[in-house]
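Dear colleague,

Please find the structure below, together with my notes on what turned up in it.

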Amino acid sequence: MNSKRHGHVFGLLLVIASVKLAAAEVQEIDNYRQYSPNLSSSGQPTAQQLKSVSEAGFKRVIYLAFTDNKSAIEVEDRVVKSLGMDYLHIPVDFEQPTLDDFEDFAAVLRRDKNIRTLLHCQVNLRASTFSFLYRVIYDDVPMAVAKNDLDGIWQPDKVWYRFIVDVLTKHGLSPECDGCDWGSNAFGD
């Protein structure tokens with residue numbers, strides 16, 4: 001092998017190693033979950049983790065919490081944009097999530113389905129719920145499968161259970177399924 005070709009192979013190996021390292025670092029973000037090649041959710045990443053997100057091939061970050069949260073990155077929009085990714089902020093009130101919040105999020109994903117996206121909030125409660133709903137409504141993921149993934153993060157409280165029911169009902173779906181345990185929230189206890 002000549003030295004020029006050897007240099008190209010070595011460069012390619014470095015790029016592959018760098019992407020694998022970035023992917024491993026992304027996995028370390030709090031409550032990180034990958035649902036498909038183009039949709040993942042997590043809790044709040046650090047600025048360094050956002051760099052890893054970019055290096056791992058993500059092209060868009062959607063943030064679903066308020067920017068005045070103590071763990072929020074003060075200038076996350078600038079950090080994300082400086083890394084070459086698109087950024088969208090949908091401030092979802094944890095105590096009052098709305099159908100419009102979900103529809104705004106879903107419209108972005110539906111418009112650009114092939115863009116690798118990290119959806120995050122502070123702990124991955126909002127983001128995992130929005131991911132659950134999107135996957136069931138638009139990606140035809142069986143509800144029991146998506147609910148199992150949601151259960152890996154949290155059991156939605158009464159506010160979020162009501163939100164889930166409202167969004168599913170708007171889309172002609174029921175939260176009932178074999179294997180779906182909504183706990184006491186489903187019974188209004």
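At what distance from the ring centre of Phe58 does Arg116 lie? Arg116 lies over the face of that ring at 3.9 Å from its centre, where a charge sits over a ring if NZ of Lys or CZ of Arg is within 6 Å of the ring centre and within 35 degrees of the ring normal. A second case is Lys147, whose charged end sits over the ring of Trp182, 4.5 Å from its centre.

Before you go further, please keep in mind that this is a predicted model, in which local features need pLDDT of at least 70 and side-chain atom pairs count only at pLDDT 80 or more, while totals for chains, interfaces and linings use all residues. Residues are numbered from 1 along each chain as its sequence is written, and side-chain values use heavy atoms, with hydrogens and water left out.

As for the fold, the protein chain has seven helices and five strands, counted as DSSP runs numbered from the N terminus (helices H or I, at least four residues; strands E, at least two), and along the sequence they follow the pattern α-β-β-α-β-α-β-α-β-α-α-α. The five strands form an open sheet of mixed pairing in the order 1-2-5-3-4, two strands being paired if DSSP finds at least two bridges between them. Strand 1 (33-36) and strand 4 (86-89) stand at the edges with a single partner strand each, so one side of each is left without a neighbour in the sheet. Within this sheet, strand 3 (residues 60-63) and strand 5 (residues 117-120) pair in the parallel sense over four bridges, and Arg60 has Thr117 as its bridge partner in strand 5.

Turning to the aromatic residues, the structure holds 13 aromatic pairs, meaning rings of Phe, Tyr and Trp (its six-membered ring) with centres within 6.5 Å, called stacked with planes under 30 degrees apart, edge-to-face over 60 and tilted for the rest. The rings of Phe130 and Trp160 have centres 6.4 Å apart and planes at 55°, so this pair is tilted. Because Phe130 lies in helix 5 (residues 125-138) and Trp160 in helix 7 (residues 158-170), the pair ties together parts that are 30 residues apart in sequence. Phe130 counts as buried at 0% relative accessibility, as does Trp160 at 0%, buried meaning under 20% relative accessible area with a 1.4 Å probe, protein chains only. Trp160 also forms an edge-to-face pair with Trp154, at 6.1 Å centre to centre and 70° between the planes.

Terms used:
Buried < 20%, exposed > 50% of the residue type's maximum accessible area, 1.4 Å probe, protein only.
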